Every structure is written in structure tokens, then in C-alpha cells.
Amino acid sequence: MLLKTLFSSLLAAGLLTAGGAQAETLRWARASDPTTLDPHSFNTGTNFVLLHQMYETLVTRDAKGKLVPTLATSWKLTADPSVWEFKLRPNVKFHDGTAFTAKDVVFSLQRAKGPGAQVKSLLASMVEAKAVDELTVHVKTNGPNLIFPDNLTNLFMMSEAWAKAKGAETTQDPASSTENFATRNANGTGPYMLASREQDSRTVMKANPQYWGKGQAPLQITELIYLPIKSPATRVAALLSGEVDFAQDIPAQDVARLKQDQRLRINEGPENRSIFLGLNVGGKELKHSSLKGKNPLADPRVREAIHLAIDRDALKRSTMRGLSIPSGMIAPSFVNGYSKAMAAYPKVDSAKAKQLLADAGYPNGFDLTLHTSNDRYVNDEAISTAIAGFLGRIGIKTTVVARPIAQQSVAINNADLDFYLYGWGVPTYDSAYIFDFLVHTRGKDGRGPTNATGFSSAEVDKDIVSLASEPDKAKRDATIQRIWNVVQKERFYIPLHDQVIHFASIKRIDVPVHPDNAVLFKDVKLGAK
Amino acid sequence: MLAYLLRRLGQSALVLLAVSLIAFMVFRHIGDPTISLLGEDATLEERAALTRELGFDQPVPLQYLHYVGKVVQGDLGISYRLKRPVSEVIAERLPATLELSLIASLGALAIGLVLGVYTALRSEGWLSRAVMTVSLVGVSLPTFLIGIGLIYLFAVELRWLPSFGRGTTVKVGGWETGLLTASGWSAIILPAITLGFYNMTLIMRLVRAEMLEVLRSDYIRFGRARGLREKDLYFGHALRNTLIPVITIAGLQIGTLIAFSIVTETVFQWPGVGLLFISSIQGVDVPLISAYLMFIALLYVVINLLVDFLYLAVDPRLRRR
């Protein structure tokens, strides 16, 4: 007993001399490993979330989707409405000790616009970035761009000196034959520094002792271990066995069971991703149907019939196990331009749908092929099978063709589909991003690459293009509503639902769900052990 | 004999060429790498430019020739997904797979032998019957189910062994090994059982059948009549004659284990080439997929060549030809 007391007091003394700061390791599991650490190489959430711990952006979004200052303390339009001014945070250092200045911002933005960088689509409107002084940057856009800062939430700042010294000045080009130093090394301004990295195995990060946000963020986690676990069953098992403290990408079918576990905490929230059906409304005839010479989907009554035949509540209840937010709009609620009225969806009405089909000249229905991915969205193949069932009730015989997203996206890009399941997230939280890719005529002035519906309207195109340079917010919002009205009326997309994200962790860790599936571990607070 | 060797080498080269051609044709159907390279929100112009840059707009035979030309010079290219040289990535991942396959096959061989001999000698005992029944169930269960079952029993319920990963590794020379640390050994047990289970039952059944066969032969009966001890009879005479076909099968199975470790590696997040291959397919990482397929083909070719040379050493008639 005496020995035990002695031992514990010694231990306490040891901790006191260490300043009371206890080492806190958090083991974090996800489905896949970021492909590279190069911050501008890929435009994927998996890469971004890990990179956010080590690199930082000028602005970030809080869990409500609001822009908050990070490396930029403020930003505003200058007298010239095509120029944005960013004021930078002083006394920020990169992990290697060099100071963060306006020159680094200019360098990073230019690098992110380079040929091998996937993130360049977010900087499409940037013409030039200029360092005005040490801590001020001016970005000139191609006409007034009201939402330019919204594009910057995943554009990470690198050190110009480091990148130049290490030969990582540009993001690696796919055709090049040498490795880039930034692929496996990191030098950001973020709260965590890279300690070691083994692809597909583990990435260890240690707290950055020089972090500027000390005292502002809790920074309770001192060591962060990222563990990719591909198999969903193993990922859940690792959480249950205590080998992992926090897990993302929780399979929908496991959520109910995990919620029962007293040792775990499941947080839930809406994801920035809508799931919908795309319809070939522009073709003269269907590409994958026995029906020749006619395109029933070009008839608005047929589209309305499909819209009415889909039981979104049943889809949520049985296919999604309650884990979706049914919607009548292909934009999540936090996107600028969303309206409750548009997101309302009708009750299923097969009788009316059948009547509409008959009016359109298809009293006995027709046959249709629904192309779907099977490895991209939550239960994507099962949703499609359910849709085929709903449409069967009104006489549209639907064959489901499921394939990996790697093949499905080729077909979408080539617009070789009649009827397809697709999902879209909005990194800018503004409707223009949806319109640019999904509504604008396919392939005209760089817009509409993923609009496989054949929908095309010169007037809508003009409105969409105007959004990029409209300086008046009220006018811009009115245009957005006008475009949405057309999209909702034409029904070349039939919205199904928004996805829901689940974070699972041990009880003492409480990570709020972020619509972008993002986590900033510097902000995570830990409960008592 | 030289002619025989040359002929076998020539055949091997042809096999490799055929595999590379098939691999190359397959790429056209697994998806468009430009989408994974540029992201879903790239414009059509960007996509067209990259297609040109990578040479995908050229005729397939020309692309293939270009590819073979580079491979012959030892240039496997840069992984589209990982942005690192393919040969380097594969070399980095290979030790994990080789260690797993090695432990799995050694374990399968040892346990298979013991159980095979036991079930042959005590063919009517209840334990033998139980072992035979379990082995039948095991063979008919898919690998991933065995793996998940083991994880739930030993990692989640009992908490004896880790559910994923490779544990701590140390570098010996250029080789990253997990076989020198305690956590490395505890991590390899479940995946090795999962990967080796089928082979274990295969070897067990083979040993049992051969052993029963040998035990019925005349020289065992004469030996027994001469008054030899049962132990010498079983392990000295019968087992030795049983082993020859078993070794042949077990040797060939090593290649299969390496090639089919894909499922086991995915279930256990074992960072070997199998896991790499699956991720590469999802990311349409053409240079990596083709290199992996070539590597597996090369492995089979080399194993078969070695087997042929062994036969040559064993069978004098082949040498005279």
C-alpha cells in the first residue's frame, strides 16, 4: 500500500514537472488513404481531410457551413469589384520555421492553377494573384466574382522557399516520370506536423509546438495516427475492439447497432451531397432501350410520371434505413439558392403517374435502362433496384446496370446514358457550382462536362455564365432562383435525397459532423478518461 | 538439354508478352484514367488535352508497342494515383505479401501434415471425423467470411489479436519485416490463418489420402510382419513416401497464395501488393495494374521454370534428350 502511494505520488510529480500536459494520442480510421500528400494534386475529400491537419487554407468553414478566418484574418472586395483583398495572419510559421507571407499565398494559388493540379477548377476565375505587402494579397478575377473566397476552403498554402528548394514547385504532371518531393513530405502551417507515413498503413502526426493558434484552439490531441482500413466490417471491428478511437465512413447498416453500444458515441449530420436521377431529355431516341425512333423522356409528362412514381419516404425507410434526407431539389439545405419550397417533394401517386404516361402515348409503358455506380454513394445499387421497382408499378420496365464509378463516370462524361443515378457535392456552397457542371449545356465554353441529360437552353446558359461576374448580390441571387425555377420545371434531374454522415468514436471524444466530412482535430475536445 | 532449356525460356517470354497484351487490352474497359486523374469536375477540354498527353488517342497497337518498349527498358512508369514510380511502390509493398504468404504456406504445410497423418492413422476416431467435417466447412466458406469471423472472435470478443494492419516493422537491409517484433507476429496470425486455411485442408486431405494408400501397400505389411516398431513404420517409411506429391503441390501453391492474397489483404488491411492492386483498380491506375499483372505472370513463369529444372535434375531421361 505504502509502495503504491509512493509510486503514484512520484508519478504525479513527474506529470507536474511536465507542465501537466498529458500526451493524448488519437487513432483515426477511414476507408481509404490519401493518394498523395501533395496538397494540390487531387480534388478529393479523403486527401483534403488529412491535409487539413498539416496544411492550412486562407479560410475554412465551420460545421454550419459559414466561412471563418484561418490564414487570412479578413477579406473584402476592393474598389475594383474584380479584385479581392486578403489580409493575412501575422506571425505564422511553416513547420520548417520559415515565416508565412503574402509571397507564399501567391505561389500557392499559382501552383494550384498549374497543369497537374486537380483543384484548378475552383480557381477558374482567377486571373492573377499579387502580393501588395508582406501580409496583403490581391486576387484579380475574370470579372467581379462575389463568391471567390468560397472556393478557397480546400486550397492549401505551401512555402515557396521550401517547394523551390525541394523541387516541388509544380504539382506532378501525370505524364512526368519523376517523383515530386511533396508527394510524401509535408511542410504546412497547420497544428500537426508529419512524423511518418506508410501508404495504406499509417500516417503519424505530432502536435506543432510553434502553432499560431495555441491558446485559441483546444489542441488537446498531441499525437494523431491516421489508419486507413478498407474493409467496412474490419473498420467497425477495430472500433469495437478498441484499436481505433474515431472512425469515419461508417456503413449505414451498422449505424443502428453501433448506437446501441454504451462505449461508443455516434454523431450524425447532413452531408454536402445530393443523390438524384439524370434523364436523357435531349436525345431523339433512347440509347439503351428496345423502343426505337422515340424518346419518351423528352416528354415532360413522362418525366412528371417518374417523379410521381418514386416513393422517397419508402426509399429512406427501407433502402437507406432512415439515414437520408429525402428532397425534391439537387442542392443540400446550406447551399446558397436552396429553398424549402423547392425541396418539398410530392407523395407517391402511381395512379396519376399512369394517367400521365397514357396521356403521353405510353399506356403500356416502355423499357428503360438505369445505369448506376455500385461503389460510390451510400447504397447506390440498392437505391437503383428500388427505383426499378417503383417504375415497374407504373409500367416502365427498368433494367438496372450497376458498375464501378470508374466506368459510370466515363459514361456520364460521354453522355452515353438515358437514365442514371448520380451524386453531386457543392464545395463552394453556392448554386453556381451545380449549374456550371450539371445544368449548363454540355461542353460549351468549358462548362457542363457532367451534364449528360442533353438539356440545353441558351437563355439558361447565359444566366449561368452571368453568375460568375455579377457584382450585385441581390441580382445574382435572383438569377439563381430563375435558373432553379427552370431546373425544377423541366425535371431533367429527379432528386432523391441528401446523404447523411456518421462519425463513430469512443465516448470521450465528441467530433461534430461537418457537411464536407471534414474534421479539424485541433478543435476536438476530449472528455475525462 | 540446352535446347530444352532455351525452348522453355522462349515459351516463358511468350507467356509474359501475352499477359502484357491482355493486361493492356483490359485497361480499355476498366474506366477512363483521365477522370481519376483530373477529378469529376474537369472540363471536357482538359480531359481531351490529357488524353492526348498520355497518348490514349493513338491506335491501341501503337500504345502497346510504346508500353512494351518502356517495360523492356525497365521503366514501369509513374503511378497515376500515388504519383510515385511503380517499381518503387511494388518493391516497397512486396515484403508484406511475401512474409504473409510464407507464414501462411509454412503453417498450412505443418498443420496440414500433422492433421493429415493423424486423421490417416486414427481414421475412425471422433477427433478425426470432427477435423474432416470442419475442413469441409472451411473449404466451402469464402475467404473474407473466414477473415471477418476470426476478427470478431479474436479481436472484438477476446481482444487477443489485432484486427488489422501489420504491427510494428523494422528495417533489415532494404527489407521491411514484421517478423522480428512481437506486435508483428500477433498481427500476422489471423491473416495467415485466413490465407492458408484452404491450402491447409488441401494438404491435410492429400496427406491423409496418400498415407492411407501407402499404409495399405505391401512393404508396410511386410515391415509390420518383420516386427518393425509402429513409430518407425509410420514416420520412417510411410510418411516419407507420402511427402513427394505433397511437396510438389505445396511448392506450386506458394505462387497461388501470393497472387490470391488480394482478399485477405483487403480484409485485414495488410499493406501488401494485393491491397495495392485493389486500390489501383478503383483508381484506374493503369501503370500499376499492368505492372502487378506482369509481376504475377513472371512469378508463375519462374516457379514453373524452377519446377521444370527440378524435374530435369530428378529424371535422367529428360537430360538425355
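# Reading salt bridges and a chain interface

Analyst: In this predicted model, the side chains of Asp477(A) and Lys473(A) come together in a salt bridge, with 2.8 Å from N to O.

User: How many salt bridges does the structure hold over all chains?

Analyst: Over all chains there are 40 salt bridges, and two further examples show how such a pair can be read together with the accessibility of its partners. In chain A, Lys76(A) is joined to Glu85(A), their closest N and O atoms being 3.2 Å apart; Lys76(A) is partly exposed at 48% relative accessible area, whereas Glu85(A) is buried at 14%. In chain B, Glu230(B) and Arg224(B) form a salt bridge of 3.0 Å, N to O, and here Glu230(B) is partly exposed at 36%, while Arg224(B) is partly exposed at 38%.

User: How many salt bridges are found across the interface of chain A and chain B?

Analyst: The rule finds 4 of them across that interface. One pairs the side chain of Arg184(A) with that of Glu88(B), at 2.9 Å from N to O, and this pair is part of a network of salt bridges that links Glu179(A), Arg184(A), Arg84(B), Glu88(B) and Glu92(B).

User: How many residues does each chain give to the contact, and what area is buried between chain A and chain B?

Analyst: Chain A contributes 55 residues and chain B contributes 48 residues. The buried area is about 4300 Å², and carbon and sulfur atoms give 53% of it. Of the area that chain A buries against chain B, 15% is supplied by Pro174(A), Asp200(A) and Lys230(A), more than by any other three residues.

User: Is Ser101(B) buried or exposed, and which residues does Ser101(B) touch?

Analyst: Ser101(B), which has its place in helix α5 of chain B (residues 86-121), counts as buried because its relative accessibility is 2%. Leaving aside residues up to four places away in sequence, Ser101(B) touches Leu195(B), Leu257(B) and Ile258(B). A polar atom of the Ser101(B) side chain also lies 2.7 Å from the backbone oxygen of Thr97(B).

User: What does UniProt list for residues 94-311 of chain B?

Analyst: An unreviewed UniProt entry lists these residues as "domain: ABC transmembrane type-1"; in the model this span is 80% helix and 3% strand, with its end C-alpha atoms 29 Å apart. For chain A, the UniProt annotation "domain: Solute-binding protein family", also from an unreviewed entry, covers residues 66-444, a span that is 26% helix and 23% strand and whose end C-alpha atoms lie 32 Å apart.

Technical notes: Residues are numbered from 1 along each chain as its sequence is written. Chains are lettered from A and ligands numbered from 1 in the order in which they are written. This is a predicted model: local features need pLDDT of at least 70, side-chain atom pairs count only at pLDDT 80 or more; totals for chains, interfaces and linings use all residues. Side-chain values use heavy atoms; hydrogens and water are left out. Contact means heavy atoms within 4.5 Å. Buried area is the accessible area (1.4 Å probe) that two parts lose on being put together, summed over both. UniProt positions are given in the numbering used here, feature names are shortened, and annotations may be inferred rather than shown by experiment. Helices (H or I, at least four residues) and strands (E, at least two) are DSSP runs, numbered from the N terminus. Buried means under 20% relative accessible area, exposed over 50%, partly exposed in between (1.4 Å probe, protein chains only). A polar contact is a pair of N or O atoms within 3.5 Å; within protein, one must be able to donate a hydrogen and the other to accept it, and residues adjacent in sequence count only if both atoms are side-chain atoms.
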